Amino acid sequence: MDIRYWNSEIETIDKKDLKNYQLENLKETIYWALKTPFYKERLASVEITSPDDIKTLSDLKKIPYTTKDDLRRVYPYNHLAVPKEDVVRLHASSGTTGAITVIYHTQRDIDRWTELAARAVTMVGCTNKDVFQNMMSYGLFTGGLGLHYGAEKAGLTVIPISAGNTKRQFKFMKDFQTTFVHATPSYLLHISSIMQEEGYKLSDFNLKKALGGAEPHSEDMRKKIESLFNIDVYNNYGLSEMNGPCVATECLYKDDMHVWEDSFYLEIINPDTLEEAPEGEEGELVFTTLRRQATPLLRYRTRDLSSINPAPCKCGRTHRRIARIKGRSDDMLIINGVNVFPAQIEEIIMKMPEVGTNYLIVVDKAGALDKITVKTEVGPNTFSDDARDLNALRERIKQNIKDAVLISPAVELHEQGKLPVQEGKAKRVIDNRKT
Ligand code: ADP
Ligand code: ZN
């Protein structure tokens, strides 16, 4: 029998009940926040000294935003709300681009995150019949463990294989007839190109669907992965500050991602003015944890750009949806005065069937001017020795980019598999102007 995990009471909660639920949980969050040296001081500056100072949800707007820099400053313990002995796990950012930041979890926090992940895998149609190969790396990075417990709770058979070792991934996919995987979209594209080299055919596998997340990717990239594996790919968004994966996930309709609004209070702001953006307009996502003990975060600025889709969804879930993440506000490249997001370039090249599965954008300074080079891989069938064909393709890529984003890049074509690949999040931009 198919057993589905389904928390219908909360997933289809009506708007008014949701607001009450959020208010109650916001008050509890303030209770925990006041136990941390960091928020005790910050909340005092806006005259909040007790949960009772929060009367309505809009009282939240008095509280200043929390930023990644704040999290660096409070390291290691100034944002911890519970005694150390109540912490059962921590996740920390790698610290490759700055000081380390850390998020603590109590057992209740982990249980609640697990609940969200269980809802997510169920939302994309998984049941206890599914065999789940979790290709996200296990460790400090939240992608591995985050989905792991949720999938177990939802009754799936979990293979905690972690990222990398592509040959072994294929062997497990075949031997255990994996139906569902979780990976970064760039890794899925990467392994699709190796599958044939390793002598596998799609019919060796039983793959039905994937959860793709942890990095920005375009609709066209999703479609490319779907057609290469003949599967459905669902977008899953999260960040370690809000637990990790499963903050927002697409349902079977693949039309924007439901944010679990019982657990995260969602705001969208204009990143320049810091004013709330009108519903439906694009801006920066700001989240407040509503059900977390050890590390409550109030109005955390994610830097991620998206917009709210308030329309009811055909699946019946009442939690509002957000659009595919366009990028981070700090990702935006300014090329000779023109603003461009790497995702815009990706969208253009992924639409071109002749272009392969990996790309890299390199920005340099050439005298006073910025010079941008787009390097892409070309599928084995396209990469012929005929220089005229390749020249024509280079020109077409250049023209398509120019038409769409008004910059004129140099284009380099590389043979499939020749551009660098990361096992985790893809690195899509090298900006040499910064070094
Ligand atoms: P780090 O901040 O070190 O990259 P995280 O795992 O916390 O580590 O990364 C979270 C970030 O990854 C998000 O803020 C967002 O920029 C990006 N991200 C996660 N999931 C998605 C997704 N589905 N689409 C686009 N970007 C995503
Ligand atoms: Zn839905």
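## Packing of α10 with α11

Helices α10 (residues 342-350) and α11 (residues 387-405) have axes that come within 10 Å and cross at roughly 135°, and they are therefore oblique to each other, a class left for angles that are not under 35 degrees (roughly parallel), over 145 (roughly antiparallel) or 65 to 115 (roughly perpendicular). Axes here are lines fitted to C-alpha atoms, for helices over the stretch in contact, with angles from 0 to 180 degrees between N-to-C directions; helices are DSSP runs of H or I with at least four residues, and strands are E runs of at least two, numbered from the N terminus.

Contact, meaning heavy atoms within 4.5 Å, is made by Gln344, Ile345, Ile348 and Ile349 of α10 and by Ile397, Asn400, Ile401, Ala404 and Val405 of α11.

## Basis of the model

The model is predicted, with pLDDT of at least 70 needed for local features and 80 or more for side-chain atom pairs, while totals for chains, interfaces and linings use all residues. Residues are numbered from 1 along each chain as its sequence is written, chains are lettered from A and ligands numbered from 1 in written order, and side-chain values use heavy atoms, without hydrogens and water.

## Packing of α9 with α10

The axes of α9 (residues 219-229) and α10 come within 8 Å and cross at roughly 40°, so this pair is also oblique. Asp220, Met221 and Lys224 of α9 meet Glu346, Glu347 and Met350 of α10.

## Zinc site

Cys251 (SG), His258 (NE2), Cys313 (SG) and Cys315 (SG) coordinate the zinc ion (ligand 2) at 2.1 to 2.3 Å, donors being N, O and S atoms within 2.8 Å of the metal (3.2 Å for Na, K and Ca). Cys251 lies in the loop between β8 (248-250) and β9 (257-259) and Cys313 in the loop between β13 (308-309) and β14 (321-322), so the pair ties together parts that are 62 residues apart in sequence.
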